[in-house]
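Q: I have a model open and would like to learn how to read its features. Please take me through them.

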Amino acid sequence: MTDQNKALQRWRLILGDASEEKLAEYAQGDGLLDGEAKILDEALAAIYDGTGGTGLEADASSGPRSAGRGPSSPKVAKWLADIRSFFPSDIVSVIQADAIERKGLTQLLFEPETLAQVKPDIRMVATLMALRGKIPEKTKDTARQLVKAVVEEISKKLEHDIRQAVTGALNRRKHSPLPSLSGMDWKKTIRANLKHYDTETKRLIPERFYFFDRARRSKEWTVILDIDQSGSMADSVIYASVVGSIFASLPALDTRVVVFDTEVVDLTEQCADDPVDMLFGIQLGGGTDINKSVAYCEQFITEPKKTLFILISDLYEGGNRSALIRRMGEMRAAGVQALCLLALSDGGVPSYDEQVAKSLAQLGIPCFGCTPDLLPELIEGALQGRNLQELAARAGKDAKK
């Protein structure tokens, strides 16, 4: 294929079937699309062309009762296989989400055989959570396995760093004579032995090593996660649920996990037992009463200076805004380490109430978006009593002040 035809083929795939006649005028040879390109075009047309290249949208429109019957299920299965063969996994996730949103392809969710082929990702988990009441009984086990796979993947990425951050922060005060490489206080050891630096060999030769004391009392800190379960917070809810389960597994922390819309639900037990059960217990969408939720959480603050309160919300308050700001101010004045994550996700900061964020920031409560990989450093700094405004600035995602 000539370079000109390759360029025309790319444009044809981008613009869709409507561009075929015009672009063909400039093609050299037999046509714009070869064998593989035709397969790719059909897969894309199924979602992004008005024609619906493979007829998938017709199958989806019949609703969940008839989804997957007759020839439709093989077509969806073939379509999934095609997009996987042509696109990397992150693009596959986007196309899957578009398939549900644009074409109503509920077959991806309502048939076990088809759902089993879906790539597990956070966007698909958010969709399952939003439709949890509509998932047929025969599909629930498959849906649960998909959610479990995503939860385990997130846990694998975050658990080690969060555990290390918490244990490191709570073990900074005492030192132990018992040697342990994992418990080495490198900063203190280097600082105390700088005078023994050998300029000739350019090596530090320590005379004494310092180690953190791993013994600590149980439930040394209270950590409260107060999570907005409105639909726009879907990714944040998923990440926060996994983070909550990690916190709950640490004996040094007394962890509370609360979700809210216009009602408040305490999911502490479910989170500690199984974050997958917790996620299926969350109902995305609905109104928002942040003040009501913060008021509920206040009962768990028995030792303010040993409490970390994390509000995960876009701050669009449907309840009493002035009461919310007053409560948060009183909490901070009492010594609670309080912060608001406008998002806990891999994406950017979403739309949020800038006025409420500004009011909280003026009280010393930073409001910012945070990616999951930055959370361990944030937690460690908070437990060490460091300035949360500075930590927020270092994250590089402060809300506008």
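A: What follows takes helices, a cavity, salt bridges and a surface patch in turn. This is a predicted model, in which local features need pLDDT of at least 70 and side-chain atom pairs count only at pLDDT 80 or more, while totals for chains, interfaces and linings use all residues. Residues are numbered from 1 along each chain as its sequence is written, and side-chain values use heavy atoms, with hydrogens and water left out.

Q: How many residues does helix α12 have, and what span does it reach?

A: Helices (H or I, at least four residues) and strands (E, at least two) are DSSP runs, numbered from the N terminus. The expected span of a helix is 1.5 Å times one less than its number of residues. Helix α12, residues 234-248, has 15 residues and reaches 21 Å from its first C-alpha to its last, close to the 21 Å expected.

Q: Is α12 largely enclosed or open?

A: Buried means under 20% relative accessible area, exposed over 50%, and partly exposed in between (1.4 Å probe, protein chains only). Of the 15 residues of α12, 13 are buried, so the helix is largely enclosed by the rest of the structure.

Q: Which residues line the largest cavity?

A: A cavity is a set of points, on a 1 Å grid over the protein atoms alone, where a 1.4 Å probe fits but cannot get out; lining residues have an atom within 4 Å of a point. Grid points are joined across faces, edges and corners, and a volume is the space filled by probe spheres set on the points. The search of the whole structure finds 1 cavity of 30 Å³ or more, and the largest cavity holds about 30 Å³ of space. Its lining includes Leu225, Ala240, Val243, Phe247 and Leu375. Helix α12, β8 (307-312) and β9 (337-344) each supply at least two lining residues, and the largest share, 3 residues, comes from α12.

Q: How many salt bridges are there?

A: A salt bridge is a side-chain nitrogen of Lys or Arg within 4 Å of a carboxyl oxygen of Asp or Glu. By this rule there are 8 salt bridges. One of them joins Lys292 and Glu263 (3.2 Å, N to O). Lys292 lies in helix α15 (residues 290-297) and Glu263 in the loop between β6 (253-260) and β7 (264-266), so the pair ties together parts 29 residues apart in sequence. Lys292 is partly exposed at 35% relative accessible area, and Glu263 is partly exposed at 46%.

Q: Where do Arg321 and Asp353 lie?

A: The two form a salt bridge, with the closest N and O atoms 2.8 Å apart. Arg321 is in helix α16 and Asp353 in the loop between β9 and α17 (354-362), so this pair links distant parts of the chain, 32 residues apart. Arg321 is partly exposed at 36%, whereas Asp353 is buried at 9%.

Q: Which residues form the nonpolar patch on the surface?

A: Patches are made of residues with over 30% relative accessible area and no salt bridge: like charges are joined within 9 Å, nonpolar side chains (Val, Leu, Ile, Met, Phe, Trp, Tyr) within 5 Å. Accessible areas come from the Shrake-Rupley method with a 1.4 Å probe; for residues, only the protein chains shown count as cover. Here Trp186, Ile190 and Leu194 form the patch, with about 320 Å² of accessible area together. Ile190 is in helix α11 (residues 186-192) and is partly exposed at 40%.

Note on methods. On a 1 Å grid over the protein atoms alone, a cavity is a set of points where a 1.4 Å probe fits but cannot get out, and a pocket is an open set with protein on both sides within 12 Å along at least five of seven lines; lining residues have an atom within 4 Å of a point.
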